[in-house]
Amino acid sequence: MTLREALDLLLATAETRGRSPKTIDGYKRFVEKYLAGWLNRPLAEITPEDVHKKHRKIAVDVATGRYAKVELANGTTYRKRRSEGDGKVTANATMRGFRAAYNRALRQHRNLPSNPCSNIDWFIERPRKTTIADTDMPAFYQAVQALENPIHRDYLLLVLFTGLRKTSAAEIRWEHVDWDRRALHIPKPKGGEKRAFDLPLSDFLVDLLRRRQAEHKKYYPKSDFVFPSNGSKTGHIRDVRMTLNGQPMRLHDLRRKFIRVAESLNVSPYAVKLLCNHALPSSDITASYLDAELDRLHEVIQQVTDRLKTLCEIPSSGNVASIATAWTVGNSARA
């Protein structure tokens with residue numbers, strides 16, 4: 001069995017088990033890109049020494065820009081260097097995909113050698129902790145309001161005021177909005193369908209979605225997505241990038257801000273986990289008695305919303321009309 005065949009087997013198994021599309025795409029993308037030269041090699045010929053060297057080489061190649069080709073307007077290209085941390089994260093992710101494919105193949109071909117990934121010295125990955133400072137929140141809000149594209153504007157605000165992961169927010173369809181219960185159904189969050197949950201909507205979020213719906217009916221009547229994109233193969237927006245204080249802002253910074261604001265209000269940590277769809281610890285007896293009661297969580301998300309509105313200096317009316325600002329906004333959307 002070749003690596004290509006093992007990868008195909010892994011992808012089919014992952015889909016059968018209901019793994020999230022992001023997880024499945026990650027396996028495929030990392031292995032096919034960074035182990036392209038191995039795809040037609042028989043697994044039995046890939047040695048522990050091979051994987052050890054390849055793991056190290058991927059980290060160096062990514063950090064030095066081998067896989068980051070940038071094409072300029074004049075047609076010339078150059079390789080953009082990335083950080084050492086980026087290289088280590090990519091190397092780990094690639095070899096985790098290889099390990100998973102090999103283990104799946106091993107179930108079918110018991111005569112294969114043991115998984116060679118036992119010889120990898122995995123890099124330590126330090127999670128990013130960046131977020132938006134309280135003092136920068138008014139500038140952030142004004143910068144978002146200055147965006148020319150209202151879909152990008154409302155997408156960023158929804159991510160901030162719900163704490164949703166960027167993909168879950170981008171994939172929202174109108175059928176997922178329950179106006180009567182003031183809730184948003186997230187059918188395929190991180191972790192797949194088994195982690196599906198309902199997110200309560202605060203007054204600010206209901207107003208935002210009502211406004212989005214009115215504009216949607218006028219400009220995108222045939223789209224099922226709340227945040228559509230004409231240039232996207234998926235039909236929905238994929239990413240919105242902007243800068244604040246001259247620095248690029250990551251969408252996950254908004255999720256971290258939501259969580260930190262919730263924690264600052266002395267909200268129950270269990271409630272925060274339920275809102276963010278974080279797994280409750282199986283060893284915690286108290287957690288086993290909890291479920292996501294919308295009425296109770298409505299109160300919590302409203303508290304978080306009110307605090308975020310104060311930090312952003314949003315008028316109590318919730319008016320989100322465009323505000324003129326001198327802040328530089330780098331507005332580019334991948335679609």
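A: Here is a short tour of the chain, then a helix pair. Keep in mind that this is a predicted model.

Q: How many helices and strands are in the protein chain?
A: The chain has eleven helices and eight strands.

Q: And what share of the residues counts as buried?
A: 43% of the 335 residues are buried. The accessible surface is about 18200 Å². Carbon and sulfur atoms hold 48% of that surface.

Q: What about contacts between residues 24 or more positions apart?
A: They make up 66% of the contacts with a separation of 6 or more.

Q: Switching to helices. How do α8 and α11 cross?
A: Helix α8 covers residues 203-219 and helix α11 covers residues 294-312. Their axes come within 8 Å and cross at roughly 80°.

Q: Which residues of α11 are buried?
A: Among them are I301, Q302, T305 and K309. The list also includes L294, L297, H298 and C312.

Q: What span should α11 have?
A: At 1.5 Å a residue, its 19 residues should span 27 Å. The end C-alpha atoms are 26 Å apart, which agrees.

Q: What follows α11?
A: E313 follows, with a positive phi near 60°.

Definitions and conventions. Residues are numbered from 1 along each chain as its sequence is written. This is a predicted model: local features need pLDDT of at least 70, side-chain atom pairs count only at pLDDT 80 or more; totals for chains, interfaces and linings use all residues. Side-chain values use heavy atoms; hydrogens and water are left out. Axes are lines fitted to C-alpha atoms, for helices over the stretch in contact, and angles run from 0 to 180 degrees between N-to-C directions. Helices (H or I, at least four residues) and strands (E, at least two) are DSSP runs, numbered from the N terminus. The expected span of a helix is 1.5 Å times one less than its number of residues. Buried means under 20% relative accessible area, exposed over 50%, partly exposed in between (1.4 Å probe, protein chains only). Contact means heavy atoms within 4.5 Å. Accessible areas come from the Shrake-Rupley method with a 1.4 Å probe; for residues, only the protein chains shown count as cover.
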